[in-house]
Amino acid sequence: MKIHEFQAKQILRQYNIPVPMGEVTDTPDGAFEIASKLGTKVVVKAQIHAGGRGKGGGIRLADNPQEAYEAAKAILGMRLVTHQTGPEGKIVNKVLIEQATNIKQELYLSLLIDRSSSKECLVYMASEAGGMDIEEIANKYPEKIIKATVSPVTGYSPFHARKLSYGLNLDKSLSTQFANIVKALYQAFIEKDASLIEINPLVITEEGNLLALDTKMTFDDDGLYRHPEIKEMRDVSEEDPLEVEAVNAGVNYIKLDGNVGCMVNGAGLAMTTMDLIKLAGGEPANFLDVGGGASVERIEKAFRILTSDPKVKAILVNIFGGILRCDRVANGIIEAASKIELKVPMVVRLQGTNVEEGRALLKNSNLKFEVAEGLYEAALKAVELSKLKV
Ligand code: GDP
Ligand code: MN
């Protein structure tokens, strides 16, 4: 789960990582008021779940409350397009008004889980070339990325901060401040079950202090039950509506780029199904797991989610009937498919308890299902159908 910058900064503050003073608002009047209260030059920042706001016009400096009002008026309600939002952009509903900072240097600092290492390590990444995306830094200045891996068994040690500090060529006068930030980052990461905390830029101010000017945080969804205060920060208006609907229906759904929609019970079987779609020369449109003991109601909901993705050109249903028998699944599919107007071809592959009854029900229904027996056969059919021009 992602949160907004202003929320992430509240968390940094709890861990004594210095952030600029500021407040969030959803009106230009609010921006005027906050800027008056702060009594300094301010920066008005669009709050959306995407980076690159600066380049997209979502961040503006304002010398006085009136300018803050104007900036907020321009930014609120705008459709902000950045390299992370896609061409459709994101509507801005909130702005953060903060004391403006006199920047001497912009640094990059993050902590994340290194999934490429087999040891499930955490890794700090830091760079002197802050302000731009880590991907851009990696392209332009790969030699300027410093890494320090942390084993979750032994945890943070001052050695990590020293390694990063040397790599960043940090002035000695900043060592203690920097080490405190690096350490606090680890503590926040572990205690909050984060999967990414990025501070970009972490700036050195003209006054000679370190300050987290922008931050991004992502949390492990499976850890959220332990953090009701973070769960509360969820902003569903920033999320894919289909994924939100899936969460509410208790269905594991992740949208992908292909056009073969899949509905499967069990995560392992869902992964296998996606693999076989690829092997058959197609691309899955989603990962969708209705769960091991999925009910007919849940299948129906999953079905609605699948069919509301306009990219889906064919559907592959792959269900292993255990406790939920194949004949009940078949009835569920028929019922759901007759309620929703099916515009794309659908291949159904059932296996398990009462499979013959299930297949017979599908074949005898007046809806046009393709019934397959083998999994690869089903994948081939679905891919073939997805390529037909309708
Ligand atoms: P992002 O574009 O979404 O990553 O938003 P950031 O908060 O990182 O801001 C982008 C850039 O705007 C920063 O890298 C800074 O160069 C600039 N910026 C942000 N806040 C301030 C500020 O208070 N003062 C100054 N001078 N520049 C700022
Ligand atoms: Mn940034």
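A contact means heavy atoms within 4.5 Å.

**Figure 1. Overview of the predicted protein chain.** This is a predicted model, in which local features need pLDDT of at least 70, side-chain atom pairs count only at pLDDT 80 or more, and totals for chains, interfaces and linings use all residues. Residues are numbered from 1 along each chain as its sequence is written, chains are lettered from A and ligands numbered from 1 in the order in which they are written, and side-chain values use heavy atoms, with hydrogens and water left out. Of the contacts in the protein chain with a separation of 6 or more, 68% join residues 24 or more positions apart. The chain has 14 helices and 18 strands. Helices (H or I, at least four residues) and strands (E, at least two) are DSSP runs, numbered from the N terminus. Along the principal axes, the C-alpha atoms fill a box of roughly 80 × 50 × 40 Å. Buried residues make up 50% of the 390 residues. Buried means under 20% relative accessible area, exposed over 50%, and partly exposed in between (1.4 Å probe, protein chains only). The accessible surface comes to about 19,100 Å², and carbon and sulfur atoms hold 51% of it. Accessible areas come from the Shrake-Rupley method with a 1.4 Å probe; for residues, only the protein chains shown count as cover.

**Figure 2. Domains of the protein chain.** The chain is divided into domain 1 (1-19 + 102-237), domain 2 (21-100) and domain 3 (240-386). These bounds come from an automatic or database domain assignment. A distance of 43 Å separates the C-alpha centres of domain 2 and domain 3.

**Figure 3. The shell around ligand 1.** Ligand 1 is surrounded by 17 residues. Lys45, Arg53, Gly54, Thr101 and Glu106 are the closest. A residue is near the ligand if one of its heavy atoms lies within 4 Å of it. By class, the shell has seven nonpolar, six polar and four charged residues. Ala, Val, Leu, Ile, Met, Phe, Trp, Tyr, Cys and Pro count as nonpolar, Asp, Glu, Lys and Arg as charged, and the others, Gly among them, as polar. Domain 1 and domain 2 each give at least three residues to the shell. Strand E2 (42-46), helix H3 (53-56), strand E3 (59-62), strand E7 (103-114) and strand E10 (194-205) each supply at least two.

**Figure 4. Polar contacts to ligand 1.** A polar contact is a pair of N or O atoms within 3.5 Å; within protein, one must be able to donate a hydrogen and the other to accept it, and residues adjacent in sequence count only if both atoms are side-chain atoms. A polar side-chain atom of Lys45 lies 2.6 Å from a ligand 1 oxygen. For a polar side-chain atom of Arg53, the distance to a ligand oxygen is 2.7 Å. Gly54 uses a backbone N or O atom, 2.9 Å from an oxygen of ligand 1. The protein covers 80% of the 570 Å² of accessible area that ligand 1 has on its own.

Figure 5. Thr215 is found in strand E12 (residues 215-219). Thr215 is buried, with 5% relative accessible area. Its side chain reaches the backbone oxygen of Glu198 at 2.9 Å. Thr215 touches Glu5, Ala8, Lys9, Leu12, Ile197, Glu198 and Ile199, not counting residues up to four places away in sequence. In helix H1 (residues 5-14), seven of the ten residues are buried. Among them are Glu5, Ala8, Lys9 and Leu12. Asn16 follows H1 and has a positive phi, near 60 degrees.

**Figure 6. Glu70 in helix H4.** Glu70 sits in helix H4 (residues 65-75). Glu70 is partly exposed, at 41% relative accessibility.
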